[in-house]
Amino acid sequence: MINIIGRNRFLIIRRSVQLLIILAFVASSRWGWSVLKGNLSSAKVLDSFYLADPFAVLQMFFSGFVASSDLIIGALIVLLFYALVGGRAFCSWVCPLNVVTETAAWLRRKLGLDTTTDNIRIKRNIRYYVLILSLLLSFVLAYAAFEVVSPIGMLQRGLIFGFGMGWAVALSVFLFDLVVLKNGWCGHFCPLGAFYSLAGKLALVEIKHNVDNCTDCMNCFRVCPEPQILKNVTKKTSLIDSGECTNCGRCIDLCEDDALKFVLKNLKNNKNEN
Amino acid sequence: MKKVQEDSSRRAALKTMLRGAGLMGLGGAAWGGVADGLQASELTIRPPAALKEAEFVKACIRCGSCVEACPYDTLALATPDDRTAIGTPYFKPRTTPCYLCTDAPCVKECPSGALDIGKITENDLLNINKSKMGVAVVDQNSCIAFWGIQCDACYRACPLLGEAINLKFERNDRTGKHAIIEPVVNRELCTGCGLCEHACITEKPSIVILPVDIANGKAGSHYIKSWDKNDEKRINTTKEKSAVEANTAEDYLNDPESLFDD
Ligand code: SF4
Ligand code: SF4
Ligand code: SF4
Ligand code: SF4
């Protein structure tokens, strides 16, 4: 029992954080609590200041609307936070769609679909083009282009305010990830994930691999949603410092040999460490 | 030899770039098409003090704060089946109208400026009656008051009763001894709150809220009301040039030949 919890430590904490954030929003909308009001696009915290989705505000800007100062400051706070802790911490610790795609990935492993049907090949860097495209389209269409099609938006608004047909979109993402492409949405297309990958390039919280403890079991490769970033694992002691790391800690959970851990990047010494 | 290699690698790079650009174009066109389909229908009724539709969909960050703030649960964020810009707030007056809260909590909670408190502020005071969410339009065929049956449900429901809706008394020619009491909307004063649509007793409402831009026509600046001194001043200030010079017009009238085809 202890072992099961220990081996899912970060998973359990992450799911709790994801759930608590959505619950705080629901509590505000149903019972008027004021911890977090609004939703993931923009939220008022403790009735005192705002947070905002920096990517949405950026699209707004490209569409030709200068957001209010509340939103700009809110977006900068969020951006700064993720720039420090690793941008894609949003993905694995906050984004509700992450629960959907990780469940699809898990089921895929369980059903053995990873090996049999994964025959289409799509480059993972396509998401950066989707990111550029969302900004270009926001400019051309004169409204935030990703926000109107975003499955993340539909899911989170659905959870907080009621779904309509919004659940169908989440289901499509789930099925796409399950039967079409491994880590299909988050690993290949999501422009928000791409945005946070760039934002978190220089983050201070990172995962460190210690090759001396590594037994080449490949557990981390099997479970990491972005396995390409583990290129040095089993080869040399190093920081996993790609912006694409979601800081989900699943590799740490599953590593039985204590070869991976979270570290705070020490700005001065990190040369020696690498 | 080296040059040839350079050339072909350059060509390869060019090809990849072209292919990338092509794919982005393709994706962009498809995405734009889908997004536009999911965009606002022009018939959407927005919360009070909303910016003009095109500006509104840019400005609204889809946070739902207005929805939460409304004590009557009037507003909702559009889901994919609502056929309007996904995630933006709207309301359906027949289901739940806007009760014109004097303190406009929805507008106050909006962080983005998509609901602009300036639009309902007059001399530094909030005046929710300045809202322009839409305008009420009566269907005179199905409104039973126009048949001569007594009903003033919309009139009585209107928070600006006597201003936004008035009753007009007409002779009932059918019976010869009754009045027809017609509800008439004043488009300048109507807020589009929809209390009338909500109250209307016909099976499908005979008074409905339409967005101002849809409901209102426009005469064009070349029509000037000569009986309105202020409007008549526009003759002198108008920037529009007449398409016909004064003397050519005169010549034309004095020259009957020009009326016949050669
Ligand atoms: S990649 Fe996109 S959908 Fe996936 S977790 Fe990150 S933000 Fe959410
Ligand atoms: S004015 Fe009042 S009733 Fe009307 S939408 Fe705003 S909060 Fe709701
Ligand atoms: S509060 Fe403002 S930004 Fe938020 S959903 Fe309503 S109109 Fe949009
Ligand atoms: S919408 Fe109807 S009830 Fe509301 S102000 Fe206009 S006429 Fe009156």
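Two strands are taken to pair if DSSP finds at least two bridges between them, strands being DSSP runs (E, at least two residues) numbered from the N terminus. The model is predicted: local features need pLDDT of at least 70 and side-chain atom pairs count only at pLDDT 80 or more, while totals for chains, interfaces and linings use all residues. Residues are numbered from 1 along each chain as its sequence is written, chains are lettered from A and ligands numbered from 1 in the order in which they are written, and side-chain values use heavy atoms, with hydrogens and water left out.

**View 1. Open sheet of chain A.** Three strands of chain A, in the order β5-β4-β6, form an open sheet with antiparallel pairing. Its edge strands, β5 (238-240) and β6 (260-264), each pair on one side only. Strand β4 (residues 205-209) of chain A is joined to β6(A) by 5 bridges; Glu206(A) has Val263(A) as its bridge partner.

**View 2. Interface of chains A and B.** Chain A contributes 43 residues and chain B 33 residues to the contact (heavy atoms within 4.5 Å). About 2,900 Å² is buried between the chains, 68% of it on carbon and sulfur atoms; buried area is the accessible area (1.4 Å probe) lost on being put together, summed over both parts. Trp31(B), Lys58(B) and Glu68(B) lose the most area in chain B, together 25% of what that side buries.

**View 3. Salt bridge across the interface.** The rule finds 1 salt bridge between chain B and chain A (a side-chain nitrogen of Lys or Arg within 4 Å of a carboxyl oxygen of Asp or Glu). Glu109(B) and Lys44(A) form a salt bridge, with their closest N and O atoms 3.9 Å apart.

Key:
Helices (H or I, at least four residues) and strands (E, at least two) are DSSP runs, numbered from the N terminus. Buried area is the accessible area (1.4 Å probe) that two parts lose on being put together, summed over both.
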